[in-house]
Amino acid sequence: MAKQDDIIFLPNDSLRKRSQRVRVVDDEITSLVDDMAEALLDWEAHRKHEVGVALAAVQIDSLKRVVIVRNNFDDKNDRTFVTFINPQVVRAEGPVVEDFEGCLSIKNIYGKVPRHNKIKVKALDLEGNEFRVILEGFAARILQHEIDHTNGVVFIDHIKDDPKAFYALKDNGELEELSYDTEIKNSILW
């Protein structure tokens, strides 16, 4: 059974590597998806103000192009996920919107990240069937974030040159702007 301790964090080198395409959706992939969901839900169980909305396989140190996204972002009791195998954005449109993101693999850091507000994605499901979906708003942001993970990119890469884009979660659940000094930039994020 996977636990939150299976989630890896920067500066782990795996988070900077491209994940491999899944050639066959088999029992190994199904087991990987189960492990991902268990790790994410265990992580969430230990957080007062955060909901685990998605996870890429690389975040449990498996370099496979597999992503899970929660069906209901607003309800911690809904513990079901949609699986995207080999997800790919085939079209991005609409305005680029800046909003807050966090990451299970970057402890206690949040940031205002620019993302397309609407995307069309193709992927395989757990049966190995290709599907396409159009996502908008928060769902589009989440999937772009997770697809970045499969390409060795983390959200801070999109904002590393903006000293006013970084935040920390306070005990009361509110975000507070971080001071951006050389020590934080060099030792914690990169």
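I began at the start of H1, where a side-chain oxygen of Asp26 comes to within 3.1 Å of the backbone nitrogen of Glu28. I counted as a polar contact a pair of N or O atoms within 3.5 Å; within protein, one must be able to donate a hydrogen and the other to accept it, and residues adjacent in sequence count only if both atoms are side-chain atoms. The model is predicted: local features need pLDDT of at least 70 and side-chain atom pairs pLDDT 80 or more, while totals for chains, interfaces and linings use all residues. Residues are numbered from 1 along each chain as its sequence is written, and side-chain values use heavy atoms, with hydrogens and water left out.

**Entry 1. Helix H1**

I took helices (H or I, at least four residues) and strands (E, at least two) as DSSP runs, numbered from the N terminus. I checked the length of H1 (residues 27-45): at 1.5 Å a residue its 19 residues should span 27 Å, and the end C-alpha atoms are 27 Å apart, which agrees. The expected span is 1.5 Å times one less than the number of residues. I then listed its buried residues, among them Ile29, Leu32, Met36, Leu40 and Trp43. Buried means under 20% relative accessible area, exposed over 50%, partly exposed in between (1.4 Å probe, protein chains only). The buried residues of H1 pack against S1, S2 and S3, contact meaning heavy atoms within 4.5 Å.

**Entry 2. Salt bridges**

I searched the whole structure and found 9 salt bridges, each a side-chain nitrogen of Lys or Arg within 4 Å of a carboxyl oxygen of Asp or Glu. Arg115 bridges Glu101, with the closest N and O atoms 2.8 Å apart. This pair links distant parts of the chain, Arg115 being in strand S4 (residues 106-124) and Glu101 in strand S3 (residues 81-103), 14 residues apart. Arg115 also bridges Asp148, again with closest N and O atoms 2.8 Å apart. Asp148 belongs to helix H2 (residues 137-150) and Arg115 to S4, so this pair ties together parts that are 33 residues apart in sequence. Shared partners join Glu101, Arg115, Arg141 and Asp148 into one network. Arg115 is buried at 5% relative accessibility, and Asp148 is buried at 14%.

I also noted Arg47 with Glu50, whose closest N and O atoms are 3.6 Å apart. Arg47 is partly exposed at 25%, whereas Glu50 is buried at 15%.

**Entry 3. Arg65**

I looked up Arg65 in the loop between strand S1 (54-56) and strand S2 (66-70). Arg65 is buried yet has no salt bridge, the nearest side chain of opposite charge, Asp148, being 8.7 Å away. For charge, Lys and Arg count as positive and Asp and Glu as negative; His and the chain ends are not counted. The Arg65 side chain reaches the backbone oxygen of Thr150 at 2.9 Å.

**Entry 4. Backbone geometry**

Most residues other than glycine have a negative phi, and most peptide bonds are trans. I recorded a cis peptide bond between Leu10 and Pro11, with omega about 15 degrees. Asn86 has a positive phi near 55 degrees; this residue lies in strand S3 and is buried at 5% relative accessibility. Asn108 has a positive phi of about 60 degrees; Asn108 lies in strand S4 and is exposed at 59%.
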